[in-house]
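Please open the structure in a viewer and follow the selections in the order given below.

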Amino acid sequence: MAEVLKGLTCLLLLFAQKRGNVKHLVLFLHEAVLVQYVDTLKLAVPSLIYTLQNNLQYVAISNLPAATFQVTYQLKILTTALFSVLMLNRSLSRLQWVSLLLLFTGVAIVQAQQAGGGGPRPLDQNPGAGLAAVVASCLSSGFAGVYFEKILKGSSGSVWLRNLQLGLFGTALGLVGLWWAEGTAVARRGFFFGYTPAVWGVVLNQAFGGLLVAVVVKYADNILKGFATSLSIVLSTVASIRLFGFHLDPLFALGAGLVIGAVYLYSLPRGAIKAIASPSTSASGPCIHQQPPGQPPPPPQLSSRGDHITEPFLPKLLTKVKGS
Ligand code: C5P
């Protein structure tokens, strides 16, 4: 259902882009989805992997204590960085790798602290299967996310078109899975049996959360998405202090501190590690941009493979804010 909603939303947005002209929309979809069918088929890969990933997560959650699942699932931060380097030729500095490790550790601590001990382990849990499922989910999250980013940024199709194509495959796969697993029950009780308000909440969250992920990947990237979601976990926990009477404890403070420190470190420009490692070169204080006055700025950095080095994002954001 989430895939259907996602697809319909994209269709609506494309319709608005065509200024409400049905003929233009149909011609556009015919060209983009059917004529350029190779591009459409490419979306089958992330769709299949995301479907597997979403199901593997249920296997992992039912076979692992909540805290273990939450902590191990954060490994996706590292798999995403790894796939970004391998598939998009991104280059990360040592400092950025360190910051990703800190991010993983910080968000894992926050998640573990939130999930708590969880009481005695149910007898029917299979931790081996749970762990295998969570590792597979992390690999699939990294691969599917980066593959989708490659498609989005490597072609001219809009984010709504790509999500519509993703939604088409997602809907088809979901229907096959539903027919396979629950076909007789659905035939007897109807498609919407059991759709309580809570279930609709999950469906809406999945559909619009998925669209948000796509927009983030289009305008930023998958690694930055990891930072954004980690920060949001910390902020929502802080928000729950007021809303649900959550108590801050030293473990949470440590995890949150690591996440914030990781964001800062990842955002430092290249060369900052040298300035940090040898303070003598930055004796005048923590100034990172060491450019002689009157000199033109250095050209954009390229790695040894000739690709663009991943840039720090905070300075970029600051420049945008100043310029706007
Ligand atoms: O854990 P992770 O960040 O990999 O989860 C991404 C989620 O976003 C998945 O549940 C996937 O189904 C969803 N998604 C989506 N549409 C996209 C990209 C991701 O629904 N274009």
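**Helix H11 and its surroundings**

Begin by selecting helix H11, where the buried residues are Asn222, Ile223, Leu224, Lys225, Gly226, Phe227, Ser230, Ile233, Val234, Thr237 and Ser240. The model is a predicted one. Next, display H6, H7, H8, helix H10 (197–219) and helix H12 (250–267), against which the buried residues of H11 pack. How far apart are the end C-alpha atoms of helix H11? They lie 31 Å apart, which agrees with the 33 Å that its 23 residues (222–244) should span at 1.5 Å a residue.

**Helix H5**

Now select residues 66–73, which form helix H5; its buried residues are Ala67, Phe69, Thr72 and Tyr73.

Valine 38 belongs to helix H3, residues 37–42. Is Valine 38 buried or partly exposed? Valine 38 is partly exposed, because its relative accessible area is 47%, and buried would require under 20%.

**Confidence**

Finally, colour the model by pLDDT. The protein has an average pLDDT of 82, and 80% of the residues score at least 70. Select residues 281–294, where the pLDDT is below 50 and the model has 14 contacts beyond near neighbours in sequence. Then select residues 297–324: pLDDT stays under 50 there as well, and the model has 40 contacts beyond four places in sequence for this stretch.

Definitions and conventions
Residues numbered from 1 in each chain as written. Predicted model: local features only at pLDDT ≥ 70, side-chain atom pairs only at ≥ 80, totals over all residues. Heavy atoms only, no water. Buried < 20%, exposed > 50% of the residue type's maximum accessible area, 1.4 Å probe, protein only. Helix = DSSP H or I, 4+ residues; strand = E, 2+ residues; numbered from the N terminus. pLDDT = per-residue confidence, 0-100. Contact = heavy atoms within 4.5 Å. Expected span 1.5 Å × (residues − 1).
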